[in-house]
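Me: Could you walk me through this structure, one question at a time?

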Amino acid sequence: MNSSDPILLVEDDRIDVLNVKRGLREIQAANPLHVVEDGEAALEFLRNPQNPKPALILLDLNMPRMNGLELLQVLKHDPGLQTIPVIILTTSQEDKDRRESFQLNAAGYMVKPLDYEDFVEILQAIYRYWCLSQSPS
């Protein structure tokens, strides 16, 4: 991933969206950030050929309409979307959610910390890793 590759944030909580935007600015990630509020909106975004294909998806689990696990299930079976890395960003510390996320090919699972500075550290670790990683085109 380079600094011009888009990132898709799938998150329904406005405060968490603001925290991700602020955190990306703080770590000087210049990637375009696209935000949708749930899994159905994410699928609409990803399947619209006029939208850029994201290099990374940051996905919340608990959302209305289609939750994060349901979206992962769809992505896993879509040949055009299954190679996009998905990082779970959630408040859920349930082993069941963690296990099911990895069974559905999540590339990572991060529990959102309550402290903003800790959140920025996690965001920076994710960003650095994906900047070094090379995904298939």
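Me: What volume does the second largest cavity have?
Reply: This is a predicted model, where local features need pLDDT of at least 70, side-chain atom pairs count only at pLDDT 80 or more, and totals for chains, interfaces and linings use all residues. Residues are numbered from 1 along each chain as its sequence is written, and side-chain values use heavy atoms, with hydrogens and water left out. A cavity is a set of points, on a 1 Å grid over the protein atoms alone, where a 1.4 Å probe fits but cannot get out; its volume is the space filled by probe spheres set on the points, which are joined across faces, edges and corners. For the second largest cavity that volume is about 30 Å³.

Me: How many charged residues are in the lining of the second largest cavity?
Reply: Lining residues have an atom within 4 Å of a point, and here they are Leu9, Glu11, Asp16, Val20, Leu89, Lys112 and Phe119. Asp, Glu, Lys and Arg count as charged, Ala, Val, Leu, Ile, Met, Phe, Trp, Tyr, Cys and Pro as nonpolar, and the others, Gly among them, as polar. The lining divides into 4 nonpolar, no polar and, for charged residues, 3.

Me: Which element gives the most to the lining of the largest cavity?
Reply: That cavity holds about 40 Å³ of space, and its lining has 7 nonpolar residues, with no polar and no charged ones. They are Ile7, Leu24, Leu56, Leu58, Leu123, Ile126 and Tyr127. Helices (H or I, at least four residues) and strands (E, at least two) are DSSP runs, numbered from the N terminus. With 3 residues, the element that gives the most is α5.

Me: Which strands stand at the edges of the sheet?
Reply: Two strands pair if DSSP finds at least two bridges between them. Here 5 strands form an open sheet with parallel pairing, in the order β2-β1-β3-β4-β5. Each edge strand has a single partner, so one side of it is left without a neighbour in the sheet; these strands are β2 (33-36) and β5 (108-111).

Me: What is the bridge partner of Ile88 in β5?
Reply: Strand β4 (residues 86-90) runs parallel to β5, and 4 bridges join them. In β5, the partner of Ile88 is Tyr109.

Me: At what angle does helix α3 run to β3?
Reply: Axes are lines fitted to C-alpha atoms, for helices over the stretch in contact, and angles run from 0 to 180 degrees between N-to-C directions. Contact means heavy atoms within 4.5 Å. Helix α3 (residues 68-76) lies across β1, β3 and β4, and its angle to β3 is about 150°.

Notes
1 Å grid on protein atoms, 1.4 Å probe; cavity = no way out; pocket = protein on both sides within 12 Å on 5 of 7 lines; lining within 4 Å.
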